[in-house]
Amino acid sequence: MTKTFSTLLILVLSVVEAAAQPTAGGRVFIDANGNGRYDRGETLLAGIPVSDGCRVVTTDAKGRYRIEVGEGSSLFPILPAGYTMQGHRLVNSAFVYPAVAGSRHDFALVTKPVRQRFRLNAIGDIQVGNSQELEFASRTILPELMTKDSTDVNIFLGDLVNNNLALYPHLQRMIAQLPSRSYTVVGNHDRDADSLLWRQTATYSATFGSPVYAFNEGDVHFIVLNNVYGRGARGYEGRVSESQLQFVREDLAHVDPSRLVVLVMHIPLAVTRNRDGLFAAVGARPVLALTAHLHRVMRDFHRYDGRTIPELGVGATCGFWWVGERDWEGVPMALQQGGTPRNYFVLDFDGPRYTFRCKGVGLDDHRQMTVHVVGIDSLDHRLRDLRDVAPRQALITVWGGCDSTRVRCRVDGGAWTLCQRADVLDPNAARVREQNLSKGYPTPYSRRNPIRHLSSPQIWSLPLSEAQCKGAHVIEVQADDSYGLRAHALRPYCYVEPAR
């Protein structure tokens, strides 16, 4: 065989191999007339990244793209800050699944204002398992989000359902009714029971478009990942697949290195086995991680390559799985282990900077903590978990506080006092536990809330003077930290001598 013939043979085989690659293609355009189809004269968008959750390509001067697609892939554009999907307030539901080789998929975009300052609701674990729990959500968290017109984006951080995938279409339609643009994340209870990894998200993808994608809002780049790594039909561990790590690297190649990257996934990074590989893929960029899964509010800080990566575990809007005593509307209170009620987090972004606060579902925006003055409540001396707590103090549960949080208090407008962390059970959690142990809970038609004897990581103590333990007073609390938490409270209280 001559050298010339060998070279020709290699070239022919390369062309044949390239032609055999399973690819899909299409166009990205501005849908001026809103019909969802490209019409002559509508603007074709160049330089828009398009991905299948592994590879990333960009559209050419005529808005065209072509990309390899694998089995079980989705297709989506990585939306610039000034664009969104035409006609879809639940944005990722407009993504394409499945991405079939040889198919054509055009993406119809519309323009939207670019706001450097924007607000985001981070919503963990609605986790409805049946029609009754769907009704709980539709009477609590979803109406509340419908009234939040000032919010720009909602992100639902996984466990949308509790293994009941038949509820997907109903939940999808309800989220799509919200006035703000919304995105969803896949959780461990959102999967098909299948031993093949890619098929575990088939039903989710058919409803919600893709478990892996990215988008831009303001000056922030969001990357949504599926870190529920299946082990057989039901088992799983926290892990980001190699194809997703490739997606992160290829995606960020198109992102300004100074831009804040928000990593969004269901399982916390502390139990994600290859989190260092994810940090390496992100590189030296500023990062914030948003997670859920644990049904308690959590703050964590990861050290990698000499820097700190903060993580906010946002708790659950179902609380402790829609259990516990029912309130006046018949909805389970479902208090979470650290003393946080059913909740979500509100994040305010301004360029690469952000602040956040905990929002209790159904509670006033200003209610961001619990201030319990020891000894006033007549049940205090009956709670075995608080019997060793000293009198003359207030216990302050800051929803979302951590060991980096500074909590300051003052009484009656006096001098500010720096409070100290307290190693105790949250008083409201202690009350639930006592009722469980005394067989007072659960009452008929309620399910037991399995609160355990665990100290809350978000409690501080304020000592009170003898004078402050007589008569009426007001406690003011300010809580903040350099990682974004801002919280405030006013708590009037009154010590009255018991009647004789």
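The lining of the second largest pocket divides into seven nonpolar, 13 polar and five charged residues. Here Ala, Val, Leu, Ile, Met, Phe, Trp, Tyr, Cys and Pro count as nonpolar, Asp, Glu, Lys and Arg as charged, and the others, Gly among them, as polar. A pocket is an open set of points on a 1 Å grid over the protein atoms alone, where a 1.4 Å probe fits, with protein on both sides within 12 Å along at least five of seven lines; lining residues have an atom within 4 Å of a point.

This is a predicted model: local features need pLDDT of at least 70, side-chain atom pairs count only at pLDDT 80 or more, and totals for chains, interfaces and linings use all residues. Residues are numbered from 1 along each chain as its sequence is written, and side-chain values use heavy atoms, without hydrogens and water.

Back to that second largest pocket. Of its 25 lining residues, Trp 198, Pro 211, Val 212, Ser 241 and Ser 243 lie nearest the centre. Strand β13 gives the most to this lining, three residues; strands are DSSP runs of E, at least two residues, and helices runs of H or I, at least four, numbered from the N terminus.

Now the largest pocket. Its lining has 29 residues, and Met 333, Ala 334, Leu 335, Pro 341 and Leu 363 are the closest to its centre. Helix α8 (residues 427-437) supplies the largest share, five residues. By class, this lining has 10 nonpolar, nine polar and 10 charged residues.

Last, the whole protein. There are eight helices and 28 strands.
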